[in-house]
Amino acid sequence: MRTVLVTGPGGAGRTTVAAATALAAARDGARALLISADPIPGFPDATEPTPVTAGLRSVRIDSAAHFRGELLALQEQLSSVLELLGGNPLDGEELTELPGSGELALLHALRRAAHGDWSAEAYDLLVVDLPPLRDALRLLALPERLRRYLRRLLPQERQAARALRPMLAQLAGVPMPAQWLYEAAARRDAELAEVQALIEDRATTLRLVAEPGPAAGEALRTARTGLALHGLRAEAPVANRMLPGHSPDPFFAALAAQQEKALGDWADEGAAPVRVAHLGRDPQGPDDLLALAGEAGEGNALAVPGTGEERGRAPDPWWTEEAGGPDGDGIIVWCLRLPGAVKKDLQLVRRGGELLLTVGPFHRIVPLEPALRRCTVSGAALTDGVLRVRFTPDPALWPRTD
């Protein structure tokens, strides 16, 4: 299954492009599923896969219903504890979703799609309408972060000592975590692992949608850094709402010229953008959305490219190399491409077996390879868009050869 994750700066028309992408793929013969949290004109509003056209089904995410269901299920698990504490159970009608519930509902939908819960048959294409660009990048990094939190707070290897918990509870004077908590954590970790595998799959790409202009160009430059940090793969950007190049109206002619200049800048910084014309109105249904995609086959502006690779986890975005020259002394250089990064926005911290990287608004904790864990950080530099961190072997941690 190919997966296309669609995002872009707010107001750029990402939902429209996501729907047009799914429709065009179905018209070209693919079995497609579209996931979106926003209503789309002419599409069903159902929260389970519902036919739109031949070959296309859509799902609308109801974050409020997901929040209520998850909280009521947790309340049921904790019912005995709540009774001991004298707590009053909450009713579903009085629950209002909290900030962040939309992201969790979307992750749940991605897991169901990856797990095959929504179809007896496999889909050829999954199109996901993500939140605006900055929020989308944080969302895509969330499964990896949540799994790390779970491993730190409830280490799986500690379950082996569960027979000792009653005695430990007496010694410490506080109750030890119950078995159901470890089991719940294991289930969550497995679910998050499925979502993380979908995001990191070679067959998953990001489709960045922007309306050409100075602000969009800056947003895309910033996004490229975040994509590189997390190893996400982006397609050529989609330039949405393109105006005709030759207009007798000087106002529209000036806007079209500004768009063309922005597209030239985008092409200089990466792949040539895909053009999607402005309809002159908001799309009102599937026919308008297909018009945005263009003709079938080679004329389809929003065609989904093949990966040309087998399914599986994409390679890590970083690599290591040995320091050259006579003074290399076994130094290992850890490298990561960070296009658009600047030194003043870069922070690097080594903590145990991890490297904590902050690049502007983006943050990632990278586990180090075993060899690097036996080294000390002896320097770092950002040159030509590549971060290079020098690791010097620690004699106390390496076996002696004499």
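## Conventions

A crossing is called left-handed if the near helix is turned anticlockwise from the far one by less than a right angle, and right-handed if it is turned clockwise. Helices (H or I, at least four residues) and strands (E, at least two) are DSSP runs, numbered from the N terminus.

The model is predicted, and local features need pLDDT of at least 70, side-chain atom pairs count only at pLDDT 80 or more, while totals for chains, interfaces and linings use all residues. Residues are numbered from 1 along each chain as its sequence is written, and side-chain values use heavy atoms, with hydrogens and water left out.

## Helices α8 and α9

Helix α8 (residues 214-230) packs with helix α9 (residues 250-269) at an angle of about 15°, their axes being 10 Å apart; axes are lines fitted to C-alpha atoms, for helices over the stretch in contact, and angles run from 0 to 180 degrees between N-to-C directions. The two helices α8 and α9 are therefore roughly parallel (angles under 35 degrees count as roughly parallel, over 145 as roughly antiparallel, 65 to 115 as roughly perpendicular and the rest as oblique), and their crossing is right-handed.

On the α8 side the contact (heavy atoms within 4.5 Å) is made by P214, A216, G217, L220, R221 and R224, and on the α9 side by Q258, W266 and E269. By class, this contact of α8 with α9 has four nonpolar, two polar and three charged residues, where Ala, Val, Leu, Ile, Met, Phe, Trp, Tyr, Cys and Pro count as nonpolar, Asp, Glu, Lys and Arg as charged, and the others, Gly among them, as polar.

## Packing around α5

Helix α5 packs with α8 at an angle of about 10°, with the axes 10 Å apart, and α5 and α8 are therefore roughly parallel to each other. Their contact joins L133, R134, L137, A141 and R145 of α5 to A219, T222, A223, L227 and H230 of α8, and its residues divide into six nonpolar, two polar and two charged.

With α4, by contrast, α5 packs at an angle of about 70°, the axes lying 11 Å apart, and α4 and α5 are therefore roughly perpendicular to each other. The crossing of α4 and α5 is right-handed. Here E103, L104, L106 and L107 in α4 meet L139, L142 and P143 in α5, a contact whose residues divide into six nonpolar, no polar and one charged.

## The largest pocket

About 930 Å³ of space lies in the largest pocket. On a 1 Å grid over the protein atoms alone, a pocket is an open set of points where a 1.4 Å probe fits, with protein on both sides within 12 Å along at least five of seven lines, and lining residues have an atom within 4 Å of a point; grid points are joined across faces, edges and corners, and a volume is the space filled by probe spheres set on the points.

Of the 29 residues that line the largest pocket, H66, E70, L104, R188 and E191 are the closest to its centre. Two or more lining residues come from each of α2 (63-77), α4 (101-115), α5 (133-153) and α7 (179-200), and α7 gives the most, with nine. The lining of the largest pocket divides into 19 nonpolar, five polar and five charged residues.

## The second largest pocket

The second largest pocket has a volume of about 410 Å³, and of its 18 lining residues the closest to its centre are E144, R148, R151, I365 and P367. The elements giving two or more residues to this lining are α5, α7 and β13 (362-367), and the largest share, seven residues, comes from α5. The lining of the second largest pocket divides into five nonpolar, two polar and 11 charged residues.
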